[in-house]
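Here is a short briefing for a first look at this structure.

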Amino acid sequence: MTDSKYFTTTKKGEIFELKAELNSDKKEKKKEAVKKVIASMTVGKDVSALFPDVVNCMQTDNLELKKLVYLYLMNYAKSQPDMAIMAVNTFVKDCEDPNPLIRALAVRTMGCIRVDKITEYLCEPLRKCLKDEDPYVRKTAAVCVAKLHDINAQLVEDQGFLDTLKDLISDSNPMVVANAVAALSEIAESHPNSNLLDLNPQSINKLLTALNECTEWGQIFILDCLANYTPRDDRESQSICERVTPRLSHANSAVVLSAVKVLMKFMEMLPKDLDYYGTLLKKLAPPLVTLLSAEPELQYVALRNINLIVQKRPEILKHEMKVFFVKYNDPIYVKLEKLDIMIRLASQANIAQVLAELKEYATEVDVDFVRKAVRAIGRCAIKVEQSAERCVSTLLDLIQTKVNYVVQEAIVVIKDIFRKYPNKYESVIATLCENLDSLDEPEARAAMIWIVGEYAERIDNADELLESFLEGFHDESTQVQLQLLTAIVKLFLKKPTETQELVQQVLSLATQDSDNPDLRDRGYIYWRLLSTDPVAAKEVVLAEKPLISEETDLIEPTLLEELICHIGTLASVYHKPPSAFVEGSRGVMHKRLPARTGSGEGTECPDVGNAAGGSAPEAAPSIIPSQGDLLGDLLNLDLPAVLLPLMGAGFGAAPAVMPASLNAPVGGGLGDLFDLGGGVGMPMGAYIPPKTVWLPAMKAKGLEISGTFARRAGVIQMELVLTNKAMSVMTDFAIQFNRNSFGLAPAGPLQVLTPLGPNQTIEVSLPLSTVGPVMKMDPLNNLQVAVKNNIDVFYFSCQYPISMLFVEDGKMERQVFLATWKDIPNDNESQFQIQDCHLNSEAASNKLQGSNIFTIAKRTVEGQDMLYMSIKLSNGIWVLAELKVQAGNPNYTISLKCRAPEVSQCVFQCYEAVLKN
Amino acid sequence: MIGGLFIYNHKGEVLISRVYRDDIGRNAVDAFRVNVIHARQQVRSPVTNIARTSFFHVKRSNIWLAAVTKQNVNAAMVFEFLYKMCDVMTAYFGKISEENIKNNFVLIYELLDEILDFGYPQNSETGALKTFITQTGIKSQSKEEQSQITSQVTGQIGWRREGIKYRRNELFLDVLESVNLLMSPQGQVLSAHVSGRVVMKSYLSGMPECKFGMNDKIVIDKQGKGGASEEAAAGKSDLGGSGGGGGKQSIAIDDCTFHQCVRLSKFDAERSISFIPPDGECELMRYRTTKDIILPFRVIPLVREVGRTKLEVKVVIKSNFKPSLLAQKIEVRIPTPLNTSGVQVICMKGKAKYKASENAIVWKIKRMAGMKESQISAEIELLPTNDKKKWARPPISMNFEVPFAPSGLKVRYLKVFEPKLNYSDHDVIKWVRYIGRSGIYETRC
């Protein structure tokens, strides 16, 4: 009796050998050969070549051999549909066999062969088998209808099998009933509106009768089906509950859980003041606890479900805390689930015990478990106010262990405790700060930063602490960056005098150097708030925070209701609706708990949990995420929709602490956001130099880049043309600038969304900001660029016309102009000649204005037009100019005066370029 | 429903693969192997979702059984089925091992075909299956035999066939309890419960109707009020075992579950346990109690850290039951730190050994009578380490076996009626045995 030898045949040519053996005359040899084939099939070898030979063995009176051949057929029929037809005759014949076991075997196997031609032949035998005198055949045929429906639903309907199946619900044999129910339930799932099951009090009664008599599996099918029924009133609901409760004592956990599902659902309809309601609640606890002595895998399923039940009806298990205490030898998945439930059940009555347990767990070995235990201690503090102090001291003890992950987890929960009980436990901050260096996880860092920011006024060196985090700002995760931004703004609002630099630094890091839109947005909002109205900023940023919720990870009430309807199933294990993990139409139907209708209509108890009604105020605790977006509320504020003038007036209201240089980047940066361009006249387009090749294909493995710069509506743009001259596709483009004289930097990523195919060209325009890092270049307007793609990184340098940096508000007041002109020493004046220019002064002025060179005054002296102009660069440098235009003389003379004379040369080049184009 | 069922050896090689649903492809076999069996990190849940396919697994020694599905199946049912599958296989060929599975793969396929149809579990009672799934090929059954098989498989009493005959009608009842304890170092009971089983082995002719009675508080209280009933009369029968504890009359059972042969609706209504038992062995009932448990042993630990390189441990155990009874197979397991370099043990009774591979001192005592006390003391030398993490101090655990039921449960009667055959309750020879074992019996130190 050692079949294992079949697993070891691996020699070459075995298929031929097997073929010979299959065709042997000796029955024993044949059987041996089929066994070998099945063994090969199991380990994944392709033995489909033997199809005809195996099918030839089908005609046998040896049942074992027949079953093996059928097994083979089920596996390979689909790949050899034509040959599979050869088997049909045998099937049809077997369906007539006097032995019910063989009839059932034939119809069972035939249903598993998913070949259209075979299914046609299946109909007649199936019809007979559904009415067979033997219950064994009928119960097999019932399942076969579901199989056939899966292959060809239309055929099943056309042949009227569904009606026959419905009739089987009234069969005298309980197992036939159970299988019919299972098959109908599955078919009904794919026809949500068909009312196939047609459950009514009569059919329910039949099901409840069968429930007492059928196998454990049958009981599960029936209970799961019952759970889909909605009783007409509370009386019917009660009577069903009464007949289902005995199932709670079944040895099979699945029967118990399915019964719990039915009861949990139908209980919704019972009036709360009914005696039976209380009885039922009491009856539910013991079986749920008993599930915890099952095998660990079932315990896991049970615990996941208990987690739902505890959320829906906490009263059921409120006295059973002890059974959820973790045992040293529980598998980790059981431990973690138990912890979850312990936290949910924690109350003033049992908190001492719970805390003692949790402290014990926090010294265990498994990291995940320890973390969760530490977190649980924090949750207890928040849930049970009386215990908060003990929880905090327990957490401090744990921090003293210096076990890295324990410390980090403890800090995360202490943050929540601070939220819940403000100004109560600040004494521990010192201890927390000692551990600053050991924090390497984003969540813990963020929590620590939040604490420092929140209590900045009480921490002497808060600025130093925060500054230390700022050093590696770009390496931090978003969570930490956001928190750091907020914390520093808080610090600034609390201690404005010493922290201007810090706040400036973080705002510029957040708005200018970050690719993260959330961070930038938050940065800009703070920036605007601070620059507009610091008092308002204080009110917003230091606002009273909403209360933190007692419960965490609560499942959203409508989902919870749906999951209660799925107790025992995978959905209840995943805590997700079936549609989240089931493909196709199955299970997409959303289940809901019934509303309480009640024949007695108890108006005296209006607060009964009519959750399904949708308005369940009692059952809807407001859920606030426990960590993270503290500023979420900020975004909901109605920011004044006015575009305030960014300079001068608006800012004047701010206390003098605001450094003036904050202005410039605000202007530049916010210009992008709010599109200030519209306000300023722009009669002619700004000058845009023609595109030139910056990076020849030769130097860049086939990538050619040409481009130019433009200023459009106040936004500086780098307009690039990327051409792929290589043979392969280019993807993953990115761009970076070296530091440059005016702090030019990409304001966003390079938007090349589609891969660039060979010989393809794409035009991209990249908005630039002027808030990047600054370094003086030679020539001044030189820009070094790095472009990366999937192939390599390439470097090139180009020169931009400085006119791009001329901002729209560069028109100076006359008086100011005069004063400034006089003020700038003559050494800073430079003169240039512009030759061959044939414009009159009017036209020249207009043209220059298009490039944000503004004419402030004009004077005519001895036939010479003297134009006085002002320019403002994006970094706040003013350039003043005097242009002499003599009628009839194509040569202009220009004098430039500027506090930074280095720019003069570039500005002159711009004049030349603008005027000559 | 279940889409497929795979059995793997410890290396992840497939031994059995049976697919029931079209949505489960061959790649599912590999997905499980790669993501669970060969997973770099130990899988932390018995249910795994890989690419929208859910895998349920259980392990028996080094064999993996996995059920696969793409639907929202009844998860509890799938696990119950997997356990049942293990039971059936064990009943057919003994231990579940790679060897046995390979030797019986044809049989396993045959079983899988029978007990799972299109992923729906069907009758999986071994008693019924063994009548028509045999390893000896087909028996030439008569028409009557065939219909008897089918009616048993599908019938109301699927677990028993008709026409069983014994010359001697005999039944054995085992009350097997495992007592679980978690105690604080100070001797405070943190949690304690007994999970018990009543296992019945019956060799009875025909279709005997049985009625089982025990000292269930609810039943006794009811009788106290309602006067003597027939059950009280039957209570005279000599089945009452000798409990180890005091003269407790009745016990409060928190919850109990029954074998599917027990009529649950009757239990729910009258709290009487009536049934027609399967032939041979079955687990009639499981129960759980938490009140008034007799804790057979008490462990008193004393751990002292002497400097950084030495630990002194003293453990006292006290037996707490009638002096006339003997506990057996007593084992106390005292965990030691990982950096233990040497251990010296002195114990008054039994043998004690330090097992480095298990990081524990194992103290074994063959027998111990009730109301006695024994002690062990050990000096543990530690290697100095720079590991900052403190030793987690796992609890001290204990194993033992005692000849009474720690819950106090007593069998009052088990009556047998077989109206069609002419033997009466008095002719049946009945045996009752009580065994209490340690479950997880731990004392923190």
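The lining of the largest cavity divides by class into seven nonpolar, one polar and six charged residues. This cavity has a volume of about 140 Å³. The model is a predicted one.

**Cavities**
- Of the 14 residues lining the largest cavity, the closest to its centre are Tyr328(A), Glu360(A), Glu364(A), Pro395(B) and Arg444(B).
- The count of cavities of 30 Å³ or more comes to 14.

**A helix pair in chain A**
- Two packed helices are described by the angle between their axes and the distance between the axes.
- Helix α11 (residues 161-168) of chain A packs against helix α12 (residues 174-190) of chain A at an angle of about 140 degrees, and their axes are 8 Å apart.
- α11(A) is therefore oblique to α12(A).
- The crossing of α11(A) and α12(A) is left-handed.
- From α11(A), the contact uses Leu162(A), Leu165(A), Lys166(A) and Leu168(A).
- From α12(A), it uses Val176(A), Val177(A), Ala180(A), Ala183(A), Leu184(A) and Ile187(A).
- The residues of this contact are nine nonpolar, no polar and one charged.

**Backbone details**
- Most residues other than glycine have a negative phi, and most peptide bonds are trans.
- Asp778(A) and Pro779(A) are joined by a cis peptide bond, with omega about -10 degrees.
- Pro779(A) lies in the loop between β6 (761-769) and β7 (782-788) of chain A.
- Arg271(B), a residue other than glycine, has a positive phi near 60 degrees.
- Arg271(B) sits in the loop between α9 (264-270) and β12 (273-275) of chain B.

Notes. Residues numbered from 1 in each chain as written. Chains lettered and ligands numbered in written order. Predicted model: local features only at pLDDT ≥ 70, side-chain atom pairs only at ≥ 80, totals over all residues. Heavy atoms only, no water. 1 Å grid on protein atoms, 1.4 Å probe; cavity = no way out; pocket = protein on both sides within 12 Å on 5 of 7 lines; lining within 4 Å. Points joined across faces, edges and corners; volume = space filled by probe spheres on them. Nonpolar A, V, L, I, M, F, W, Y, C, P; charged D, E, K, R; others polar. Axes fitted to C-alpha atoms, helices over the stretch in contact; angles between N-to-C directions. Helix = DSSP H or I, 4+ residues; strand = E, 2+ residues; numbered from the N terminus. Parallel < 35°, antiparallel > 145°, perpendicular 65-115°, else oblique. Left-handed = near helix turned anticlockwise from the far one by under 90°. Contact = heavy atoms within 4.5 Å.
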